[in-house]
Amino acid sequence: MVGLKPSEVPPTTAVKCLGAGTAACFADLLTFPLDTAKVRLQIQGENPAAQSVQYRGVLGTILTMVRTEGPRSPYNGLVAGLHRQMSFASIRIGLYDSVKQFYTPKGADNSNIAIRILAGCTTGAMAVTCAQPTDVVKVRFQASVRLGPESHRKYSGTMDAYRTIAREEGFRGLWKGTWPNITRNAIVNCAEMVTYDIIKEKLLDSRLLTDNFPCHFVSAFGAGFCATVVASPVDVVKTRYMNSPPGQYRSPLDCMLKLVIHEGLIAFYKGFTPSFLRLGSWNVMMFVTYEQLKRALMKVQMLRESPF
């Protein structure tokens, strides 16, 4: 057995939410440069400030950023990213089982695929509604290019970014791209949670693996790959639209049409490799950590409630 043994008592909703948010922050800390590289590759050809800098591949993008902008540049927007994960993952992952049980008819032994998809869409949409401003700020920081110490920096920090966007673009600026983000995260959440749920269930039912690290690793890897394949087109449109100056695109649909006209259908999969590297590694780290945190938190809770 690798890691903590499963608790005899099912984890509470509070334990799931806290565990999901903490695990997601841990995964973000380790994979954030890959996410920044993905954003830079997705907006390449659009941002005038980046025309003098060409990115090639994941490693090449990160190395170019370090060389031209400094070693901290791959972590631009990390604070907003952690804000996002603590609120976002707590809802979309932590509430998934509860929402799935809510949708499951009374007396049913298991939730069917339609109910799992519906639960994934619901928690994904709920999470975006709460965490959208953090995502806007994160993308703005990741997309900003600083060529040297004398270059102008629009935001002095994360909190300044929230204030500046609200002041210059209004309340709607902090919620820019909400609909494409809801679409994107409903798809990603379905792909991640439903795929992880089903693969893990099949592995346990077939007794190929027990409920430990190898089972969680295989399930999370499959979830990451599936999520990347289905979500990349929406992710590119979301990133372009959220990073665009006021007036560049009339709507997410207008952004999508201009992307196809000017750059072709292949543009929908710009940054696919860093997206997969990031989502695949992020899912493995997050789900493995999440499973262990749930067990550790339940163990602590049971010890606190024990009379001895």
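Helix 9 and helix 10 are roughly perpendicular to each other (angles of 65 to 115 degrees, with those under 35 counted as roughly parallel, over 145 as roughly antiparallel and the rest as oblique), since the angle at which helix 9 (residues 213-243) and helix 10 (residues 252-263) pack is about 105°. Their axes lie 9 Å apart; axes are lines fitted to C-alpha atoms, for helices over the stretch in contact, and angles run from 0 to 180 degrees between N-to-C directions. Helices are DSSP runs (H or I, at least four residues) numbered from the N terminus. On the helix 9 side the contact (heavy atoms within 4.5 Å) involves Val236, Val237, Arg240 and Tyr241, and on the helix 10 side Pro252, Cys255, Met256, Leu259 and Glu263. By class, 7 residues of this contact are nonpolar, none is polar and 2 are charged. Here Ala, Val, Leu, Ile, Met, Phe, Trp, Tyr, Cys and Pro count as nonpolar, Asp, Glu, Lys and Arg as charged, and the others, Gly among them, as polar.

The model is predicted: local features need pLDDT of at least 70 and side-chain atom pairs count only at pLDDT 80 or more, while totals for chains, interfaces and linings use all residues. Residues are numbered from 1 along each chain as its sequence is written, and side-chain values use heavy atoms, with hydrogens and water left out.

The axes of helix 1 and helix 5 cross at roughly 75° and come within 9 Å, which makes helix 1 roughly perpendicular to helix 5. Phe32, Asp35, Thr36, Val39, Arg40 and Ile43 of helix 1 meet Lys138, Gln142 and Ala143 of helix 5. This contact comprises 4 nonpolar, 2 polar and 3 charged residues.

Two helices of these pairs, helix 1 and helix 9, also supply residues to the lining of the largest cavity. A cavity is a set of points on a 1 Å grid over the protein atoms alone where a 1.4 Å probe fits but cannot get out, and lining residues have an atom within 4 Å of a point. There are 2 cavities of 30 Å³ or more, and the largest holds about 210 Å³ of space. Its lining has 24 residues, with Lys38, Arg84, Arg184, Arg278 and Leu279 nearest the centre. By class, 8 lining residues are nonpolar, 6 polar and 10 charged. Helix 9 provides the largest share, 7 residues.

Helix 8 has 28 residues and spans 39 Å from its first C-alpha to its last, close to the expected 40 Å (1.5 Å times one less than the number of residues). Just after helix 8, Arg207 adopts a positive phi of about 65°.

Methods: 1 Å grid on protein atoms, 1.4 Å probe; cavity = no way out; pocket = protein on both sides within 12 Å on 5 of 7 lines; lining within 4 Å. Points joined across faces, edges and corners; volume = space filled by probe spheres on them.
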